[in-house]
Amino acid sequence: MGAVPFIGRRRELAALTKRLDRVSRTGAGSAMAIRGRRQVGKSRLVQEFCDRAGVPYLFFTATKGMSPVEAVAEFCAELRESCLPADPEQVVRVTSGSWPEAFRVLHAAIPPTPSVVVVDEMPWLTEQDDLFDGALQTAWDRLLSVKPVLLLLLGSDLHLMERLTA
Ligand SMILES: Nc1ncnc2c1ncn2[C@@H]1O[C@H](COP(=O)(O)OP(=O)(O)O)[C@@H](O)[C@H]1O
Ligand SMILES: [Mg+2]
């Protein structure tokens with residue numbers, strides 16, 4: 001990554017910037033799905049946006065075949081190492097494989113100022129855990145959307161994405 005300089009995508013970057021501006025202005029969260037075939041440049045676009053946005057962010061990429069226990073632990077580890085939490089020491093490592101618990105940890109870590117949370121390769125999480133979709137939906141509705149956070153979900157078509165971003 002980064003060997004080839006970032007090219008183009010001005011419209012897409014502008015659309016993301018506009019979303020984040022709205023989050024900043026309103027103080028309310030916004031969720032957005034970015035779908036598309038493999039290799040079209042979803043991850044690179046969003047990484048570039050995060051680099052330029054100038055706000056704290058978490059970029060979590062799911063791994064194919066990871067069990068829920070592994071995925072949740074990895075999510076918490078990435079969260080702890082990211083620039084998102086004001087106090088990384090407070091990010092507890094969830095070992096139960098519970099996404100509701102992981103989202104509570106995320107909620108506690110999201111600062112009161114604008115931020116970005118990215119879940120890349122989200123379909124791998126849904127594939128491994130039937131509860132993931134519902135857990136994210138509930139966490140978004142009850143906890144996360146109240147914060148000034150831009151949530152970006154990357155992957156192929158998912159019903160959840162349509163519901164969250166409707
Ligand atoms: N705008 C861009 N400028 C330069 N290289 C890019 C751009 N978009 C994607 N790439 C490169 O193309 C490859 C595929 O992009 P990637 O973001 O991984 O696709 P996706 O996430 O959609 O599968 C990567 O090597 C990436 O660095
Ligand atoms: Mg990708």
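Me: What do the buried residues of α2 pack against?

Reply: α1, β1, β2 (57-61), β3 and β4. Packing here rests on contacts: two residues touch if their C-beta atoms, placed from the backbone, lie within 7 Å. Helices (H or I, at least four residues) and strands (E, at least two) are DSSP runs, numbered from the N terminus.

Me: What kind of model is this, and how are its parts numbered?

Reply: This is a predicted model, where local features need pLDDT of at least 70, side-chain atom pairs count only at pLDDT 80 or more, and totals for chains, interfaces and linings use all residues. Residues are numbered from 1 along each chain as its sequence is written, while chains are lettered from A and ligands numbered from 1 in the order in which they are written.

Me: Which residues of α2 are called buried, and what makes a residue buried?

Reply: In α2 they are Lys42, Leu45, Val46, Phe49 and Cys50. The test counts other C-beta atoms, placed from the backbone, within 10 Å of a residue's own: 20 or more is buried, 12 or fewer is exposed, and anything in between is partly exposed.

Me: How do you know that the buried residues of α2 line one face?

Reply: Look down the axis of α2: the buried residues fall within an arc of 135 degrees, so they line one face of the helix. The arc is that of the directions from the helix axis to the C-beta atoms. Asp51 and Arg52 are exposed on the other side of α2.

Me: Why does the span of α2 agree with expectation?

Reply: The expected span is 1.5 Å times one less than the number of residues. With 12 residues, α2 should span 16 Å, and its end C-alpha atoms are 16 Å apart, so the two agree. Just after α2 comes Gly54, with a positive phi of about 75 degrees.

Me: What makes one face of α1 the buried face?

Reply: Leu16, Leu20 and Val23 are buried in α1. Seen down the axis, the buried residues of α1 fall within an arc of 50 degrees, so they line one face. They pack against β1 (30-35), α2 (42-53), β3 (115-120) and β4 (149-155). The face turned away carries exposed residues, including Arg10, Arg11, Lys18 and Asp21. Gly27 follows α1, and its phi is positive, near 80 degrees.

Me: Where do the buried residues of α6 sit around its axis?

Reply: In α6 (residues 132-142), Phe132, Leu136 and Trp140 are buried. They cover an arc of only 60 degrees, which puts them on the same side of α6. Asp141 and Arg142 are exposed on the other side.

Me: What makes the phi of Arg9 and of Gln39 worth a look?

Reply: Most residues other than glycine have a negative phi. Arg9 has a positive phi of about 60 degrees. Gln39 has a positive phi near 70 degrees. Arg9 is in the segment before α1, and Gln39 is in the loop between β1 and α2.

Me: Why is Gln39 called exposed and Arg9 partly exposed?

Reply: Gln39 has 8 C-beta neighbours inside 10 Å, so it counts as exposed. Arg9 has 15 other C-beta atoms within 10 Å, so it is partly exposed.

Me: Where is Arg93, and what does it touch?

Reply: Arg93 lies in the loop between α3 (68-81) and α4 (99-109). Leaving out residues up to four places away in sequence, Arg93 touches Ala73, Cys76 and Ala77. With 13 other C-beta atoms within 10 Å, Arg93 is partly exposed.

Me: Which residues touch the most other members of the largest nonpolar core?

Reply: Val46, Leu79, Ala102, Val116, Val118, Leu151 and Leu152, out of 42 residues. The largest share of this core, 6 residues, comes from β4. A nonpolar core is a set of buried Ala, Val, Leu, Ile, Met, Phe, Trp, Tyr and Cys residues joined through C-beta atoms within 7 Å.

Me: Which residues come nearest to ligand 1?

Reply: Ile7, Gly41, Lys42, Ser43 and Arg44, of the 14 residues around ligand 1. A residue is near if its C-beta atom, placed from the backbone, lies within 6 Å.
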